[in-house]
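Let's go through this one together, a question at a time. Have a look at the model first.

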Amino acid sequence: MAPTLQTHTTNPLTHYPQALERAAQIRFLVLDVDGVLTNGQVFFGPDGRELVKGFDIQDGLGIKLLQSIGVECAVITGRHSKMVLGRCDELGIAHVFTGVQDKKSALDDLQKKVTCNPAIDLAVMGDDWPDLAIMQSAALRIAPAQAHEAVRQIAHYVTRAKGGFGAVREACDLILKAQDQYDSLLTKAKG
């Protein structure tokens with residue numbers, strides 16, 4: 001039996017402060033969809049088209065909170081989906097790339113439109129092999145709990161939550177805490 005890899009990529013966060021250090025510089029968060037913003041299941045109707053996607057409402061609030069402190073968000077996904085476009089529109093995510101076969105090229109296109117230095121202020125959250133190329137160039141690499149082993153191995157932070165069940169909110173909270181914004185936003189929410 002092969003030994004279990006023990007890396008700096010797993011929780012609890014207090015044992016791995018490098019995730020907080022990296023998150024303190026983040027100005028841009030790029031998210032995959034299936035397996036990150038959703039649980040990764042795809043439901044098809046009788047016409048062979050995608051029928052429904054489920055998004056976690058707390059993930060959406062986390063994205064809005066990041067945007068409120070000036071952290072921009074983008075979505076790069078391999079599938080075309082009107083539901084993704086609708087959710088991104090609802091959340092005010094201006095940079096949305098769907099049906100992408102080469103996520104690295106999409107990230108390169110994004111960098112031409114925004115000011116971002118991947119090695120310093122970019123975070124990427126992905127769950128499977130198509131996300132590896134863009135994650136490798138990011139200052140902060142985040143994976144949801146159920147991410148493929150190859151993704152978890154390169155991640156700086158692996159959430160406790162699974163994709164579609166609050167993993168993005170956990171990543172957003174990490175960034176908010178690292179940038180000393182979490183407590184003031186929570187106090188404001190309490191009224």
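Q: Which helix holds Gln67?
A: Quick ground rules: this is a predicted model, where local features need pLDDT of at least 70, side-chain atom pairs count only at pLDDT 80 or more, and totals for chains, interfaces and linings use all residues. Residues are numbered from 1 along each chain as its sequence is written, and side-chain values use heavy atoms, with hydrogens and water left out. Helices (H or I, at least four residues) and strands (E, at least two) are DSSP runs, numbered from the N terminus. With residues 57–68, the helix holding Gln67 is H2.

Q: Which residues does Gln67 contact, leaving aside neighbours within four places in sequence?
A: Contact here means heavy atoms within 4.5 Å. Gln67 and Gly92 sit 25 residues apart in sequence, with 8.7 Å from C-alpha to C-alpha. Once neighbours within four places are set aside, the contacts of Gln67 are Cys73, Leu91, Gly92 and Ile93.

Q: Is Gln67 buried, partly exposed or exposed?
A: The cut-offs are under 20% relative accessible area for buried, over 50% for exposed, and partly exposed in between (1.4 Å probe, protein chains only). Gln67 has a relative accessible area of 23%. That makes Gln67 partly exposed.

Q: What is the strand order in the open sheet?
A: Two strands pair if DSSP finds at least two bridges between them. S1 (residues 28–31) and S4, for instance, pair in the parallel sense over four bridges, and Val30 has Ala74 of S4 as its bridge partner. The sheet has six strands with parallel pairing, in the order S5-S4-S1-S6-S7-S8.

Q: Which strands stand at the edges of that sheet?
A: An edge strand has a single partner strand, so one side of it is left without a neighbour in the sheet. The two in question are S5 (95–97) and S8 (157–158).

Q: At about what angle does H4 run to S5?
A: Axes are lines fitted to C-alpha atoms, for helices over the stretch in contact, and angles run from 0 to 180 degrees between N-to-C directions. H4 lies across S1, S4, S5 and S6 (122–125). Relative to S5, H4 runs at about 155°.

Q: How wide is the arc covered by the buried residues of H4?
A: Lys103, Ala106, Leu107 and Leu110 are the buried ones in H4. The arc, taken from the directions from the helix axis to the C-beta atoms, puts them on the same side of H4. These residues pack against S1, S4, S5, S6 and helix H6 (132–136).

Q: How many residues apart in sequence are the parts tied together by Arg79 and Glu50?
A: This salt bridge has its closest N and O atoms 3.4 Å apart. Arg79 lies in the loop between S4 (72–76) and H3 (82–91), while Glu50 is in strand S3 (residues 50–52), so the parts tied together are apart by 29 residues.

Conventions. Salt bridge = Lys/Arg side-chain N within 4 Å of Asp/Glu carboxyl O.
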